[in-house]
Amino acid sequence: MVSGKVAIAERSANEASPIILDDWRRSLAEAVRDPDQLLARLGLANHGLGLSTQSRQFPLLVPESFLKRMRSEHVKDPLLRQVLPLAEEDDSVPGFTTDALDESQFRKAPGLLHKYEGRALLVLTGACAVHCRYCFRRHYPYSQEPKRLDDWEPAFEALERDESIREVLLSGGDPLMLTDERLAAVVRRLERIPHLRRLRIHTRLPIVLPNRVTLELLDLLTSTRLTPVVVVHANHSQELVADCALALRQLTQTGVMTLNHSVLLRGVNDSVEALAALSERLIDLGIKPYYLHQLDRVSGAAHFEVAEEIGRQLIEELRRRLPGYAMPQYVRETPGDPFKTPL
Ligand code: SF4
């Protein structure tokens, strides 16, 4: 095993040697954080796009790998749209709030959310490798959540007391922003809770920062006594190429159940062609399309909303094009409901 190196050791069609990428933390440190720099890199410096002036709390953040998958001089690029803070974010739109899913009412201990029967969620970190402009947790009060491993003990003890919980979701932010060592420490602590059976990791890092799929991470996923499930988050087939595709193959080849959830986003994937291409690409990579979420109505994201009626029509059309196993379930989350509502 090559410590600190990524697991991407597949040979791509036209390369003679395995691809070994740099340490993911270095890639993160080198991510683009300036909208003007991003636009200049894409040949859009003088395009006159109106940018947000109020995004200081949730600034632009784009790793180089994700940037490389954007098309130059393409103002409507679906990947660019997901990350560029446009002026529309600053509009106050009725019905869009900072806590769109009313998550504060489900906080059972610091860092622990319990929304659904049998499952509980740990908000392990507020950090991400990309800032998705439609993120429903973009205003989440992460500063109130535990930081050091010891601070998580009340959450672990709450899980220990509730024997109805069989599955723990690691979320955030992005839980893979933790180092492999810290992540392993969390997993080992969870393994000591006898009634837990499954460990689900919700992450966008394999998509936006593929060299985060390290050998140590794959070892952890395949060695835990808990049944691992990884839910990645891609919204467009253009995301699922190059180093991202290699990393995802490496993940799925371990045999770990890997699902994708996406959000229906205006200007990104609100066409049957885009949704069909996304599902087909996921299946090609061995990933099951899981959910297509109706946008959560979070402040700053109104310009991404697609009407539910349009979403239903898209799903109907998608059904004609795809085999059943490639169909995501179109759902809306309503705070307090015992499950996500199929639409
Ligand atoms: S990666 Fe996930 S948690 Fe992070 S900004 Fe994007 S949607 Fe939000």
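Me: Is R321 buried, partly exposed or exposed?
Reply: R321 has a relative accessible area of 42%. Buried means under 20%, exposed means over 50%, and partly exposed lies in between (1.4 Å probe, protein chains only). So R321 is partly exposed.

Me: What kind of model is this?
Reply: Residues are numbered from 1 along each chain as its sequence is written, and side-chain values use heavy atoms, with hydrogens and water left out. Local features need pLDDT of at least 70, side-chain atom pairs count only at pLDDT 80 or more, totals for chains, interfaces and linings use all residues, and the model itself is predicted.

Me: How many salt bridges does a search of the whole structure find?
Reply: First, the rule. A salt bridge is a side-chain nitrogen of Lys or Arg within 4 Å of a carboxyl oxygen of Asp or Glu. The search of the whole structure gives a count of 28.

Me: How many residues apart are R321 and E273, which meet in a salt bridge?
Reply: Their side chains meet at 3.4 Å, N to O. R321 is in helix α11 (residues 308-321) and E273 in helix α10 (residues 272-284), so-called distant parts of the chain. Helices (H or I, at least four residues) and strands (E, at least two) are DSSP runs, numbered from the N terminus. The pair is separated by 48 residues.

Me: Is E273 buried, partly exposed or exposed?
Reply: Look at the relative accessibility of E273, which is 49%. That makes E273 partly exposed.

Me: How far apart are the closest N and O atoms of E103 and K115?
Reply: E103 and K115 form a salt bridge. The closest N and O atoms are separated by 2.8 Å.

Me: Which parts does the salt bridge of E103 and K115 tie together?
Reply: The two residues of this salt bridge are twelve residues apart in sequence. E103 lies in the loop between α4 (78-83) and β1 (107-109), and K115 in the loop between β2 (112-113) and β3 (119-123). So the pair ties together these two loops.

Me: Is E103 buried or exposed?
Reply: The relative accessible area of E103 is 3%. Therefore E103 counts as buried.

Me: Which helices hold E64 and R41?
Reply: Their side chains meet in a salt bridge at 2.5 Å, N to O. The partners are 23 residues apart, with R41 in helix α2 (residues 35-41) and E64 in helix α3 (residues 64-68). So the helices are α2 and α3.

Me: How many aromatic pairs does the structure hold?
Reply: Rings of Phe, Tyr and Trp (its six-membered ring) pair if their centres lie within 6.5 Å; planes under 30 degrees apart count as stacked, over 60 as edge-to-face and the rest as tilted. The count is three.

Me: Is the pair of Y140 and Y142 stacked, tilted or edge-to-face?
Reply: The centres are 4.8 Å apart and the angle between the planes is 45°. That pair is tilted.

Me: Is the pair of Y290 and Y291 stacked, tilted or edge-to-face?
Reply: The ring centres are 4.1 Å apart. The planes are at 25°, so the pair is stacked.

Me: Which residue has its charged end over the ring of Y140?
Reply: A charge sits over a ring if NZ of Lys or CZ of Arg is within 6 Å of the ring centre and within 35 degrees of the ring normal. At 5.9 Å from the ring centre of Y140 sits the charged end of R137.

Me: How far apart are the end C-alpha atoms of helix α6?
Reply: Helix α6 (residues 180-191) has twelve residues. The expected span is 1.5 Å times one less than the number of residues. For α6 that is 16 Å, which agrees with the end-to-end distance of 16 Å.

Me: Which residues does E191 touch, not counting those up to four places away in sequence?
Reply: E191 lies in helix α6 and counts as buried at 18% relative accessibility. Contact means heavy atoms within 4.5 Å. Its partners are T224, R225 and L226.
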